[in-house]
Every structure is written in structure tokens, then in C-alpha cells.
Amino acid sequence: MIEFEKLTTYKKVPNQENGTCFACGQNHSTGLHMKFYTDETSVFSELNLPHTFAGWSRLIHGVVTATILDETLAWTVIYLRQSFILTKSLTIDYLRPLFVEEDIFSIGNILSQVSDKELLVEATILNSKKEICAKASGKIVMFSAEQMRKKDLFPREFLEHFESSVFGK
């Protein structure tokens, strides 16, 4: 069981320090600023979101919950498999409300290998009482650096910087 009270004693998952991703970029002015940690079998994060991420009243908006789950799935594979990825599918169950200005925790695990390039991954979000509030399963497709370059989705400099910053455990 992950000891969330001692989160920073786990290994920090490397990320680009100047990233602008809405979910994990530390330089995104209105983003979630997710930081991930690992015990080498799962990847996890802690958040405490301000009221700007609320839907109704104090509830965290459902699309923000979906973003947290998707980002947790993604970083689980990026780090544990050291691979570029794209999400193929995402199925979410919203089980309990999540509230802004309260600690929440996300955890990602690889469930199975579907094919050479595709994994089935799960993510859950727990509230401050460690109750499961949302869970997702998703198919994540892995790509080599060369495959990503051929797709021409990102500038070459971005891919090279990502590789040097993130890969290499």
C-alpha cells in the first residue's frame, strides 16, 4: 500500500521542468501541475485543487477528474515502460464526489499487455479518506521515438528534450 503521507520519500518520476502540459506542466499558468512518484510498480500523485476547478459548488468538475485519470494512465506507461504513448481509449466510473480544496490521490497500474504496442492500464482517484472516488481503465498505445518522429505530431526538439529529461529511469 502506498503511504501517501510520505509521498515525497518515493522516487519522483522525471518530467520536463519547463513543460506546458495542462495536466503535468509546471509552467502552465492555469494547469493542474501534477507531479508523479513511483514505487517502480505503480505511479501516483497528490493534488489539492483550487476552486477554479469546480463544477457545481465545491465538486471537482468531471472533465478535470477525467484529465487526472488520463494523465495518471499516461505517466504510468511513460515511466514504467519508458515509452512515448497516446491514449487509445478511456472508460471512467465516477463513484463518489471529489471536492476542491481537499487532498486527493491518483494511482496508476499496468493491468496487462494487449499486444506488442498496446497496454491495458488502470487509474484510480482516492479522496482524503482514501476512499475510491473515480476509476478508469484505458488502452494506451506505445511508440518508439522514431515512430513519434514519423508521426510528426511534435517538433523534433520537443521529442529530444522529452527523451533526455524523462527516459533513462
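These questions and answers walk through the sheet, a helix, a pocket and an aromatic pair of a predicted model.

Residues are numbered from 1 along each chain as its sequence is written. In this predicted model, local features need pLDDT of at least 70, side-chain atom pairs count only at pLDDT 80 or more, totals for chains, interfaces and linings use all residues, and side-chain values use heavy atoms, with hydrogens and water left out.

Visitor: Which strands stand at the edges of the sheet, each with a single partner strand?
Guide: Strands here are DSSP runs of E, at least two residues, and helices are runs of H or I, at least four, both numbered from the N terminus. Two strands pair if DSSP finds at least two bridges between them. The open sheet has 7 strands, paired antiparallel, in the order β1-β2-β3-β5-β6-β7-β4. One side is left without a neighbour in the sheet for each of the edge strands, β1 (11–12) and β4 (84–94).

Visitor: What angle does the direction of helix α1 make with that of β6?
Guide: Helix α1 (residues 62–81) packs on the sheet and touches β1, β2, β3, β4, β5, β6 and β7. Contact means heavy atoms within 4.5 Å. Axes are lines fitted to C-alpha atoms, for helices over the stretch in contact, and angles run from 0 to 180 degrees between N-to-C directions. For α1 and β6 the angle is about 130 degrees.

Visitor: Over how many bridges do β4 and β7 pair?
Guide: The pairing is antiparallel. Ile 85 has Met 142 in β7 as its bridge partner. β4 and β7 pair over 10 bridges.

Visitor: Which element supplies the largest share of the lining of the largest pocket?
Guide: On a 1 Å grid over the protein atoms alone, a pocket is an open set of points where a 1.4 Å probe fits, with protein on both sides within 12 Å along at least five of seven lines; lining residues have an atom within 4 Å of a point. The largest pocket is lined by 22 residues, with Glu 71 and Ile 78 among those nearest its centre. α1, β4 and α3 (156–166) each supply at least two lining residues. The largest share, 5 residues, comes from α1.

Visitor: What is the angle between the planes of Phe 36 and Trp 75?
Guide: Rings of Phe, Tyr and Trp (its six-membered ring) pair if their centres lie within 6.5 Å; planes under 30 degrees apart count as stacked, over 60 as edge-to-face and the rest as tilted. The whole structure holds 11 aromatic pairs. Phe 36 and Trp 75 form a stacked one, 6.2 Å centre to centre, with the planes at 25 degrees.
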